[in-house]
Amino acid sequence: QLSRSQPSPERVPSPEEQEWAGPEALCPGWLEDEAPDGEVPGDSGDPDCATHAYERLQSALCQEGLPPTLDCSTEPRTGYGPLDITVCILGSPTPFLPVLLEGGTRCPGAMVLCLSPTWASRVPSETSPGAWSLLLSRGVSFKVGGHSALETFVPPRRANYVTGTFAPGDPEGGWVGELARDLDCPTGGSVPLAHRLEDTLVTRWVLAARTNLPVPPTLAFVLGARG
């Protein structure tokens, strides 16, 4: 008869649990004690946001039959220079998943998904006075076959092209628009552009004007001086 005091054997984590990059890997230190001012060190609301975005990414990958993201953040990636291609996607991973997967196939490692404002920083541009360069200290990179990895970059990796979820209603829209503002590299959108594109009446009015189609006079009451 076994003694009740005998310790039970330890449960061996499954491969999925070992590969899961949990909140601590996504935002190191987010479980630490609160700072004196009552805010979690780094960003008070960001860790939970990054964790949820990471979970959405894993769910989307699972639905596509793709492997989960590997946590490689403990071994920093080095050697990236200003001439290396870095296409940065800011915000929610779901709308850009096809782009990330295709980009990872055509140019492995060049597509980097940024899920948190603490994963990137803005520094004054060395080539364009008055503009800013976006540097990535962490991101999810995509490779051939839908494989992805959570990585850290030392020194931070400079973005050559930036786009993301600029939609006003998106939870990440605020910090995405701020990080992508006045950059020295091409960007795939902006918050003002997202506002304009979401205005169906204005979009149809512009299209009609360019093709010389008559516009119903009722639109004049909606557009007003904006026309």
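A salt bridge is a side-chain nitrogen of Lys or Arg within 4 Å of a carboxyl oxygen of Asp or Glu. Hi everyone, let's keep that in mind as we look at this structure together.

What we have here is a predicted model, so local features need pLDDT of at least 70, side-chain atom pairs count only at pLDDT 80 or more, and totals for chains, interfaces and linings use all residues. Residues are numbered from 1 along each chain as its sequence is written, and side-chain values use heavy atoms, with hydrogens and water left out.

So, how many salt bridges does our rule give? The count comes to six. Let me walk you through some of them.

Start with Asp-184 and Arg-158, whose side chains meet in a salt bridge at 3.2 Å, N to O. Asp-184 sits in the loop between helix H5 (173–179) and helix H6 (191–198), while Arg-158 belongs to strand E6, so this pair ties together parts that are 26 residues apart in sequence. Those labels follow DSSP runs numbered from the N terminus: helices (H or I) have at least four residues, and strands (E) at least two.

Are these two partners buried or exposed? For that we need cut-offs: buried is under 20% relative accessible area, exposed is over 50%, and partly exposed is in between (1.4 Å probe, protein chains only). Asp-184, at 19%, counts as buried, and Arg-158, at 25%, as partly exposed.

Next, find Glu-151 and Arg-77, joined by a salt bridge of 2.7 Å, N to O. Glu-151 lies in strand E6 (residues 148–158) and Arg-77 in the loop between strand E1 (70–71) and strand E2 (87–90), so the pair ties together parts 74 residues apart in sequence. Glu-151 is buried at 5%, whereas Arg-77 is partly exposed at 31%.

Then we have Asp-182 and Arg-181, with their closest N and O atoms 3.3 Å apart. Asp-182 is partly exposed at 46%, and Arg-181 is partly exposed at 36%.

Finally, please turn to helix H4. Which residues of H4 (residues 97–106) are buried? They include Leu-97, Leu-100, Leu-101, Gly-103 and Gly-104. These cover an arc of only 165° around the axis, which puts them on the same side of H4; the arc is that of the directions from the helix axis to the C-beta atoms. On the other side of H4, Pro-98 and Arg-106 are exposed.
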